Amino acid sequence: MAKKFLVDLTRCTACRGCQVACKQWKKLPAEATVNWGSHQNPKDLSFNTLRLVRFEEIVNDGKVDWLFFPEQCRHCYEPPCLGQAELDDERAVIQDEATGAVIFTEYTKNVDAEGVREACPYDIPRKDPVTGQLSKCDMCIDRIQNGMKPACVLSCPTGAMSFGEEEEIDALAQERLAAAQKRYPEAVLGDPEDVRVVYLFQQDPTKYFEKAIASASPTMMNRKQMFARLLGTTKA
Amino acid sequence: MTVSRRQFLKLSAGAATATAFGGLGISLKPTVAKAELQKLKWAKQTTSVCCYCAVGCGLIVHTAKDGAGRAINVEGDPDHPINEGSLCAKGASIWQLAENANRPQTPLYRAPNSTEWKPVSWDWALTEIAKRVKKTRDKSFQLKNEKGEQVNRTEAIASAGSAAMDNEECWAYQSLLRSLGLVYIEHQARI
C-alpha cells in the first residue's frame, strides 16, 4: 500500500533529531559548517544532506515568531523530476509502486541536473559535484521494505512526524488540521492531494520557506522538454 | 493557500505535458524500485541506554556479525517506555561515540610546559596516571585532622566526574576514589 508522511509543524521543536537520524542511517558524511547567525546548519540541502531543518525568524504584528521547517523530498504522486529526468535516461528516477517512493538511481549522473532541480516545485534535488549524480530523500525505502519506519520518523521525539498508509495519514492530517486551526486560524496543509510528505503549517507556508509549497505561478516547460515531447523522442 | 490538484498538475512540467499531449511524455509502465540490501539482517541487536542526558532513552545497537563486531547502526528502541524509539539530535548521533574516524585514536599527552599534544599508548597513559595519583596521594595523605580524629583522607586530589557515566559506573568510580581517600568527589551522572 502507498505510504504517506504527516509533519505537524505545530509540534516541531527543531531539535534536529530527524536531520541527524537521516545522516546516521545513511552514513552520510558531515559537512563543514560556519556560524552564520542561525541554527540552520548546514545552510542548505546538499548531496550529503537530504534533510534539513530550516529556521526562520519573522515578525507578526510587532511580535517575533520563530518558524521551524524540517525539509525533505515530498515524494509527489506525479513527480515532475521523473518526467524531466527520463528525457535523458529513463532509469534515472523511478517510482516504487508499493510505497509511492520516488527514488534517484545512479543513472541520475546521465541527466540534465539543473533541469531536474528546476522541475522540482520544492527545489529538493542536489548534485554531487564529483560524480554528477543527483540525490535526495529516498523515503528510507530499505527500512520500509523491512517493516521499519523511516529514520526521521522513528527519531522524532515530539510526535511531529507520522508515517503510515495513505488513508490513515490523510485522515490524521484532517484531524490535526482541525485541532491546529483552533489555535492557529491560518493553519493549512501543504499540497495534501499531490504529495506523500504533507506538512501542517501553522501559518502561511511561504513564511517558513519560499518553496515550502508548490508555487502558485506555473513553471514553464523548458525548450528541451517541449521539443522532446512534441517530437516524441522520449522513451515512453 | 492549499494548491488544488489541477493547479499542481499545471505546475509540474512533466505531468502537464502528459495531459496536454495525450501520454506522449510520461512513462506509465510499472517500475519496481530496487531495494537496497538490508544491512541489519546481518547484524546482532543489543539494547543499551543513551548516556548523553538524564532522560535515559533506550537504544538498539546493531553490531556487524561478519566478525568485525563493530557498531554499524544505533537507533532508538521502539519498545523502550521512555522514548518509544525517538531520539534527539545528540542521541541520534550516538553511533559516533563508538565509530568516528575524526576522534583521536589514542590518548594524547601534553608534557608540562610543552605546547604540543603527542599520541601515547593506553598502557603508558594508565601507568603514568596511576604513578602520579599514587605519588600525590602518598605525599598529601592525612591520617588525623587538627582535633586528632582519624580521617584517612587526601585533600590534594579532586574528581570532577564524567557526564557520560551512568549510575552504576559512578558507584564503582566513587568507591575507587574513596578507597584512595578522596573527599572532593563531584559527578555529573545523569542516568
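**Entry 1: contacts of A:Phe69**

Which residues is A:Phe69 in contact with, leaving aside its neighbours within four places in sequence? I looked this up in a predicted model. I found A:Leu9, A:Leu52, A:Val53, A:Arg54, A:Arg74, A:Tyr199, A:Phe201, A:Tyr208, A:Phe209 and A:Ala212 in contact with A:Phe69.

**Entry 2: nonpolar cores**

I then turned to the largest nonpolar core, which has 32 residues. A:Phe69 is one of the residues that touch the most other members, together with A:Phe5, A:Leu9, A:Met161, A:Tyr199 and A:Phe201. I noted the chain A elements that give two or more residues to this core: strands S1 (3-8), S2 (52-60), S3 (63-71), S8 (161-165) and S10 (197-201), and helices H4 (141-144) and H5 (151-155). Another core, of 19 residues, lies apart from it; A:Cys120, A:Cys137, A:Leu177 and A:Leu200 are among its residues.

**Entry 3: helix H6 of chain A**

I checked the length of helix H6 of chain A, residues 166-183. At 1.5 Å a residue its 18 residues should span 26 Å, and I found its end C-alpha atoms 26 Å apart, so the two values agree.

Which residues of H6(A) are buried? I listed A:Glu166, A:Ile169, A:Ala173, A:Arg176, A:Leu177 and A:Ala180. They lie on the same side of H6(A) because they cover an arc of only 115° around the axis. On the other side of H6(A), I found A:Glu168, A:Glu175 and A:Lys182 exposed. The cover over the buried residues includes S1, S8, strand S9 (188-189) and S10 of chain A.

**Entry 4: sheet S1-S2-S3 of chain B**

In chain B I traced an open sheet of three strands, in the order S1-S2-S3, with antiparallel pairing. S1 (43-49) and S3 (71-76) of chain B are the edge strands, each pairing on one side only. The twist averages 25° from one strand to the next. I found seven bridges joining S1(B) to strand S2 (residues 58-64) of chain B. B:Thr47 has B:Ile60 in S2(B) as its bridge partner.

**Entry 5: sheet S6-S7-S8 of chain B**

I also traced an open sheet of three strands in the order S6-S7-S8 of chain B, with mixed pairing. Its edge strands are S6 (142-144) and S8 (182-185) of chain B. Neighbouring strands of this sheet are turned by 35° against each other on average, direction ignored. Two bridges join S6(B) to strand S7 (residues 150-159) of chain B, and these strands run antiparallel. The bridge partner of B:Lys144 in S7(B) is B:Gln150.

Which helices lie across these strands? Helix H5 (residues 122-140) of chain B lies across S6 and S7 of chain B, at about 140° to S7(B). Helix H6 (residues 167-180) of chain B lies across S7 and S8 of chain B, at about 140° to S8(B).

Technical notes
Residues numbered from 1 in each chain as written. Chains lettered and ligands numbered in written order. Predicted model: local features only at pLDDT ≥ 70, side-chain atom pairs only at ≥ 80, totals over all residues. Heavy atoms only, no water. Core = buried A, V, L, I, M, F, W, Y, C linked by side-chain atoms within 4.5 Å. Buried < 20%, exposed > 50% of the residue type's maximum accessible area, 1.4 Å probe, protein only. Helix = DSSP H or I, 4+ residues; strand = E, 2+ residues; numbered from the N terminus. Contact = heavy atoms within 4.5 Å. Expected span 1.5 Å × (residues − 1). Arc of directions from axis to C-beta. Pairing = 2+ DSSP bridges. Axes fitted to C-alpha atoms, helices over the stretch in contact; angles between N-to-C directions.
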